[in-house]
Amino acid sequence: MSSRLADFSVRVGTAFLLGAVVLVAVFWGGVVGLAAVVAIVAALATTEFYAMVRRERRLPSELIGLTAVVAMPFAAAGFGVLGLTAVVGMLVISAFFWHVMIRQIHLTETGVTLFGAVYVGFTLAHVVLVREYDSGMWLTFIMFASVWANDSFAYLAGSAIGRHKIAPRISPKKSWEGVVAGTLGTTGVWLAASALPGVDLSFGWRLAIGLAASIAAVIGDLSESRIKREVGVKDSGNLLPGHGGFLDRFDSFIMVAIVTHYMLFAAGVR
């Protein structure tokens, strides 16, 4: 077995294992069970983010940031958008209390503490909000499936025919061919969603959500790549063989979750 095929096998195996955990949470975990999985993923991804910014000699407060990140999905599960907003409010107050009380802390430290918690925790908590919609179980499944399709199609097409680089200084392997294939995968999943029980969205809205999610996935991917380039690391972590860290695996999903939630809301889903 060539090293490239071995690496691909490890990547697929990790993706299947992580996907199985997500599917169990979506279909059998209920809102609280899904919130628990989101909290774990968000905490690990945020820890990786704070570790990266520490390489730039920033000193975020992991205690404040991670406490908020873990609380966000449970607040969303218990009290919806109001609960999530309340946790963000407490996060801001706590961060600035820390800023005032410790003289050595500068605005940069307070800023990265807030940004890390919002960038990962606030965005991922929207997965729980989607799960709370009518037919939320199926909508959450579609959301995950659309990102998996995007990642898979983009990876395969980019590896096979990718020639035109989209952002060579930020993500040298990402190509326009991969982006187009990923968009077709994501949009295709949303267009097929009408076959699932309770998913009553018009063709236009399914097409719009698929396209918006595709754009969000690219922005999420490039954003994390830009952060890694700035701090000089290849991966955000090493907990997921073949993928790197949790932030590497969920970088696209971070943006897709929040965009999908508000697109569904705009489409009239409650």
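Student: Where is Ala86 found, and what makes that element a helix?

Tutor: In this predicted model, Ala86 is found in helix α3, residues 62-101. A helix here is a DSSP run of H or I with at least four residues, a strand is a run of E with at least two, and both are numbered from the N terminus.

Student: Why is Ala86 called partly exposed?

Tutor: Buried means under 20% relative accessible area, exposed means over 50%, and partly exposed is in between, with a 1.4 Å probe and protein chains only. Ala86 has 45% relative accessibility, so it counts as partly exposed. The C-alpha atom of Ala86 is separated by 20 Å from that of Ile40, 46 residues apart along the chain.

Student: What should I know about numbering and about which values are used?

Tutor: Residues are numbered from 1 along each chain as its sequence is written, and side-chain values use heavy atoms, with hydrogens and water left out. Because this is a predicted model, local features need pLDDT of at least 70 and side-chain atom pairs count only at pLDDT 80 or more, while totals for chains, interfaces and linings use all residues.

Student: How many helices and strands are there in the chain?

Tutor: The chain has nine helices and zero strands. From the N terminus on, the order is α-α-α-α-α-α-α-α-α.

Student: Why is Met143 called buried?

Tutor: Met143 has 0% relative accessibility, so it counts as buried. Its place is in helix α6, residues 136-161.

Student: Which residues does Met143 touch?

Tutor: Contact means heavy atoms within 4.5 Å. Leaving aside residues up to four places away in sequence, Met143 touches Val127, Val130, Trp190, Phe253, Val256, Ala257 and Thr260. As for Ala154, it is 11 residues from Met143 in sequence and 17 Å away in space, C-alpha to C-alpha.

Student: Why is Arg57 called exposed?

Tutor: The relative accessible area of Arg57 is 73%, so it is exposed. Arg57 has its place in the loop between α2 (30-54) and α3. Its phi is near 65°, a positive value in a residue other than glycine.

Student: Is Ser135 buried, partly exposed or exposed?

Tutor: Ser135 counts as partly exposed, because its relative accessibility is 26%. Ser135 lies in the loop between α5 and α6, and has a positive phi of about 60° although it is not a glycine.

Student: What makes Ser9 partly exposed?

Tutor: Ser9 has a relative accessible area of 35%, so it is partly exposed. It is found in helix α1.

Student: How do you know that the radius of gyration agrees with a compact globule?

Tutor: The radius is taken over C-alpha atoms, and the globule rule is 2.2 Å times the number of residues to the power 0.38. For 270 residues a compact globule would have a radius near 18 Å; the chain has 19 Å, which agrees. The C-alpha trace spans about 55 × 45 × 30 Å along its principal axes. Buried residues make up 49% of the 270.

Student: Where in the chain is confidence lowest, and where is it highest?

Tutor: pLDDT is the predictor's confidence in each residue, from 0 to 100. The lowest mean is 87, in helix α1 (residues 3-28), and the highest is 98, in helix α5 (residues 126-131). The chain averages 94, and 99% of the residues score at least 70.
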